[in-house]
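These are my notebook entries on a structure that I looked up. I set out the terms beside the entries that use them.

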Amino acid sequence: MYIIVVGGGEVGFHLVRSLLQNDHEVLCIEKDPERCALIAEELGSVISRGDGCEAATLEKLGAGRADILVAATGEDEDNLVACQVAKHKFNVSRTIARIHNPENKVIFELLGVDATVSSTEVILAQIEQEMPAHPLISLQRLKGSNLELVNVEIPPNSRVVNTQLSEIELPTGSMIVLIYDRDRGIQLIEDNTVLQEADEVVAVVRPDQEEELRQILTNP
Amino acid sequence: MGAALAGELDAQGHDVSVIDIDSDAFQRLPSNFGGLAIRGNGTNQDTQKRAGVEKADVFVSVTAGDNRNVVAAQIAKHIFMVPKIVSRIYDPIRNEMYKDLGLETMSPTILGAIALKELILDTPVTSR
């Protein structure tokens with residue numbers, strides 16, 4: 001596959017290296033001449049100096065035959081525009097944008113970006129999981145749906161400790177898909193499965209129902 | 001340009017809110033400016049809300065950055081459904097593209113080139 005990566009910062013650099021290892025044809029566009037020189041030295045002639053938001057630059061680099069464009073600069077607005085230019089000027093079938101402000105996810109996807117990766121959310125989720133008593137953590141948005149995968153740890157004083165799943169009323173349309181118990185390992189979900197203290201519950205839920213689900217599973 | 005425009009519209013009796021990331025920019029507003037001055041990033045939905053985007057009739061983005069302008073404009077248009085959006089886009093190619101995508105745009109590059117051309121061609125030139 002031919003993949004264009006816009007932005008040769010840390011994320012862009014490691015992405016390009018990993019894509020090259022997987023035998024893809026990769027080209028990285030970076031504005032800063034020093035970053036360009038560094039990447040050229042480390043990875044060879046896979047770097048082009050320029051502005052990946054400019055149609056003329058993308059045309060020169062053969063965006064018309066690119067299978068994927070990944071916009072991985074440090075600026076959300078540059079990433080959106082690079083993806084929009086790739087989509088609307090060059091019909092690139094798959095565009096992926098890195099975002100920093102998590103609230104930009106909705107608008108970017110509405111405007112035709114095929115996928116967004118929020119570095120802030122990924123880092124937050126990882127840190128929260130390392131916290132001793134963590135609340136509800138959003139793990140992953142399910143592609144093409146208004147649903148997400150979340151993780152909730154059942155606190156010792158929760159009202160649902162020692163309760164059967166069939167007796168717990170979850171938000172409409174949401175579902176517990178997996179329970180991880182430190183002692184017993186992964187538990188298959190059945191109606192008579194009983195929740196216990198410190199269980200890690202993985203559920204599918206609409207983002208606007210997150211808080212309701214958290215309260216049901218963690219309130220005393 | 002934002003400060004001059006805001007001053008003009010305010011003087012004509014419209015309710016105007018100005019967003020800028022740098023509060024020093026507000027010093028360029030006329031001293032009798034009666035509108036709101038909000039310090040913040042105009043591409044943030046929260047900042048747009050603080051400026052009253054939810055009841056705005058018009059949203060104008062005229063920062064120095066083309067990309068920032070089109071992102072702020074598209075958020076105002078598609079998230080907050082502001083009926084009229086105008087953006088400044090220097091790059092003529094991006095200007096055309098965003099026009100096709102439904103934004104009202106103004107390119108100072110194109111307008112400047114036309115004005116210069118008129119200055120050159122529409123005034124008599126004495127041949128040497």
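I count a residue as buried if 20 or more other C-beta atoms, placed from the backbone, lie within 10 Å of its own, as exposed if 12 or fewer do, and as partly exposed in between. The model is predicted, so local features need pLDDT of at least 70 and side-chain atom pairs count only at pLDDT 80 or more, while totals for chains, interfaces and linings use all residues. Residues are numbered from 1 along each chain as its sequence is written, and chains are lettered from A and ligands numbered from 1 in the order in which they are written.

Entry on chain B. I looked up burial and found that 30% of the 128 residues in chain B are buried. I took helices (H or I, at least four residues) and strands (E, at least two) as DSSP runs, numbered from the N terminus. Chain B has five helices and five strands, in the order α-β-β-α-β-α-β-α-β-α from the N terminus. Along the principal axes, its C-alpha atoms fill a box of roughly 60 × 35 × 25 Å.

Entry on the interface. I call two residues in contact if their C-beta atoms, placed from the backbone, lie within 7 Å. On that basis 17 residues of chain A touch 15 residues of chain B. On the chain A side, α3 (55-60), α4 (76-90) and α5 (104-110) each give two or more residues, and α4(A) gives the most, with eight.

Entry on G62(A). I located G62(A) in the loop between α3 and β4 (68-71) of chain A. G62(A) is partly exposed because it has 13 C-beta neighbours inside 10 Å.
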